[in-house]
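Colleague: I would like to go through the charged side chains of this model. Please give the general idea, then the case here.

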Amino acid sequence: MEPLTGRLKSEHQNLVKMTHIYCNDHHDKTDGSLCESCSKLMDYSERRLAKCPYGQAKPTCANCPIHCYKPLQRQHVREVMRYAGPRMLRHHPWDALVHIFDKLRRAVHPMELRRAKAKKKQ
């Protein structure tokens, strides 16, 4: 698997930061490492981001019309984000602000993008 770059890398780094906040508070991991289940979730999220059909144009997960996580992992990520999201302002204020502004971007489904490109070629 190729390493993530650009938007996908920053999206994954934000999720890792959120997971550290969540794991430290819920799984008694104060040494800065992740527990086994959170670590597996981050590996899973990295694999899913690498296969994202949006590529570098990826919207935030909340605005994405495509659900690429399996239900169990999606629920776990939702719990992490719900808990750690508000706490990101205290722990990583710049990343939190960038993410908030990033949420304002409109998400266009990849099929719509494909159709628009096809119309331009005609």
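Modeller: This is a predicted model, where local features need pLDDT of at least 70, side-chain atom pairs count only at pLDDT 80 or more, and totals for chains, interfaces and linings use all residues. Residues are numbered from 1 along each chain as its sequence is written, and side-chain values use heavy atoms, with hydrogens and water left out.

Colleague: How many salt bridges does the rule count?

Modeller: Side chains of opposite charge can pair when their charged atoms come close. The rule asks for a side-chain nitrogen of Lys or Arg within 4 Å of a carboxyl oxygen of Asp or Glu. The count is two salt bridges.

Colleague: Which residue pairs with Lys 17, and how far apart are the closest N and O atoms?

Modeller: Lys 17 pairs with Asp 95, with the closest N and O atoms 2.4 Å apart. Lys 17 lies in helix α1 (residues 6-26) and Asp 95 in helix α4 (residues 93-102), 78 residues apart, so the pair links distant parts of the chain. Helices here are DSSP runs (H or I, at least four residues), numbered from the N terminus.

Colleague: Is Asp 95 buried or exposed?

Modeller: Buried means under 20% relative accessible area, exposed over 50%, and partly exposed in between (1.4 Å probe, protein chains only). Asp 95 counts as buried because its relative accessibility is 19%, whereas Lys 17, at 25%, is partly exposed.

Colleague: Which residue forms a salt bridge with Glu 36?

Modeller: That is Lys 40, at 3.2 Å between the closest N and O atoms. Glu 36 and Lys 40 are four residues apart in helix α2 (residues 36-50), so about one helical turn separates them. Glu 36 is exposed at 56% relative accessible area, and Lys 40 is exposed at 51%.

Methods
Helix = DSSP H or I, 4+ residues; strand = E, 2+ residues; numbered from the N terminus.
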